[in-house]
Amino acid sequence: MRLPRSSGILLHPTSLPGPHGIGDLGPEAFKFVDFLSEAGQTLWQVLPLGPTGYGDSPYQCFSSSAGNPLLISLEKLSANPPHPRFPDDEVDFAQVIPWKMQALAQTATHFFEGAPAAERARYDAFCGSQAAWLDDFALFMALKQRDQSKVWTAWEPDIRAREPQGMARWRKALAQPIASQKFLQFAFFDQWNALHEYARSRGIRIMGDLPIYVAHDSADVWSNPQYFRLDANGGPITVAGVPPDYFSSTGQLWGNPIYAWEVLEADGYRWWLDRFRAVFTTVDVVRLDHFRGFEAFWEVPMPAQTAEHGQWTKGPGAKLFQAAHAALGDLPVVAENLGVITPEVEAIREEFGFPGMSVLQFAFGKDPQAPAFLPHNYPREVAAYTGTHDCDTTVGWWASSGHGESTRSQDEIQQERALAKRYLNFDGSEVHWVFIRALLASV
């Protein structure tokens with residue numbers, strides 16, 4: 001799909017300011033839309049909006065369909081409970097999560113005790129329209145709440161295996177917390193849809209993010225174990241990651257379970273088509289995460305501590321996107337084609353007209369792909385970034401000493417900076433503005 005020339009900002013809502021310890025979908029989100037419009041921007045890119053699990057990462061969510069309750073604005077719910085003093089410059093999840101979830105639980109209780117009939121009707125309509133994923137998700141979260149967040153494979157056998165008798169027993173026993181979970185999803189999507197509509201009214205399209213994988217400890221895997229490579233106890237046989245590269249000497253071990261692609265294909269990729277449909281009801285454009293994994297993915301046998309000892313395995317290739325195109329038409333997708341990219345990966349991307357990505361911070365190092373990230377080498381159909389959510393800020397990257405997981409030596413860092421200065425013809429000051437101008441001046 002051909003996307004118009006556009007400019008925007010990547011900012012996850014958690015990073016918005018506010019009094020409650022974490023950015024949310026309240027007044028500051030609407031102010032940010034106003035800022036984007038007044039600054040001549042037309043895109044707001046966010047990370048996945050799901051309920052975060054392990055490590056508070058939006059790429060390890062308890063559901064690929066649900067929204068993150070931590071993003072719900074208490075102000076929009078007319079709730080303003082006393083709150084502790086939260087840090088101004090970071091999200092302290094250990095402090096935020098228990099406080100905000102308790103405040104939201106109280107709000108849910110008040111809703112069920114005295115919501116006007118019209119609001120209850122809207123809630124009931126939401127639950128009915130979203131039942132395909134909401135019923136399982138609400139039960140999943142109620143069970144985790146009961147079991148102090150135990151992974152689902154540690155639950156009682158009847159509910160772990162989703163036996164009909166066990167499902168009925170727990171739905172009855174946990175009716176109240178299940179209803180509370182459904183209310184939180186009702187509140188999240190009510191607020192998100194209002195923000196999305198406001199963004200459209202100001203000429204701002206929202207670009208979402210669809211992770212290729214889902215978390216093992218998620219309602220997705222518990223509800224659909226047939227679509228994942230699991231052992232008899234529900235544990236992953238192999239997990240996802242990427243091999244060692246320029247950025248990490250041991251690779252990246254993500255830990256997500258690998259899809260049973262042959263089962264998904266036999267089912268007409270229905271589960272994936274439902275994911276596509278859901279994400280395109282909440283955003284206008286999608287960054288498709290780890291696009292190369294659809295052609296071939298790095299799988300690591302369990303147990304493993306690093307991603308060093310894995311293998312490349314063929315994915316569904318073009319077949320998945322052919323099914324999606326047949327069902328949904330042209331997809332407004334940007335393909336995250338970073339990493340070890342092969343001609344086969346690029347052939348799939350080009351077949352469906354998905355723009356790729358280019359990151360200017362990657363353009364000046366020794367990686368063999370670095371020259372492709374220099375602006376004079378950009379094709380017209382590319383989403384160009386100064387840096388992404390996986391990077392340091394541009395100023396932080398420029399000042400970095402190279403410590404951490406990077407494999408760069410001090411000499412390589414100095415050579416990188418020297419090339420950037422020559423290429424961009426600047427003295428090293430205001431590097432962020434220099435980067436922005438270089439991208440805006442490209443095709």
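Tutor: Helices (H or I, at least four residues) and strands (E, at least two) are DSSP runs, numbered from the N terminus. This is a predicted model, where local features need pLDDT of at least 70, side-chain atom pairs count only at pLDDT 80 or more, and totals for chains, interfaces and linings use all residues. Residues are numbered from 1 along each chain as its sequence is written, and side-chain values use heavy atoms, with hydrogens and water left out.

Student: Which helix holds Gln 191?

Tutor: Gln 191 belongs to helix H7, which covers residues 175–201.

Student: Is Gln 191 buried or exposed?

Tutor: Buried means under 20% relative accessible area, exposed over 50%, partly exposed in between (1.4 Å probe, protein chains only). Gln 191 counts as buried because its relative accessibility is 7%.

Student: Which residues does Gln 191 touch?

Tutor: Contact means heavy atoms within 4.5 Å. Leaving out residues up to four places away in sequence, Gln 191 touches Leu 25, Leu 71, Ile 72, Ser 73, Lys 76 and Leu 77.

Student: How many residues are in the largest nonpolar core?

Tutor: A nonpolar core is a set of buried Ala, Val, Leu, Ile, Met, Phe, Trp, Tyr and Cys residues joined through side-chain atoms within 4.5 Å. The largest one here has 94 residues, and Trp 44, Trp 272 and Phe 321 have the most contacts inside it. H7 supplies the largest share of this core, 11 residues. Apart from it lies another core, of 25 residues, including Val 334 and Phe 373.
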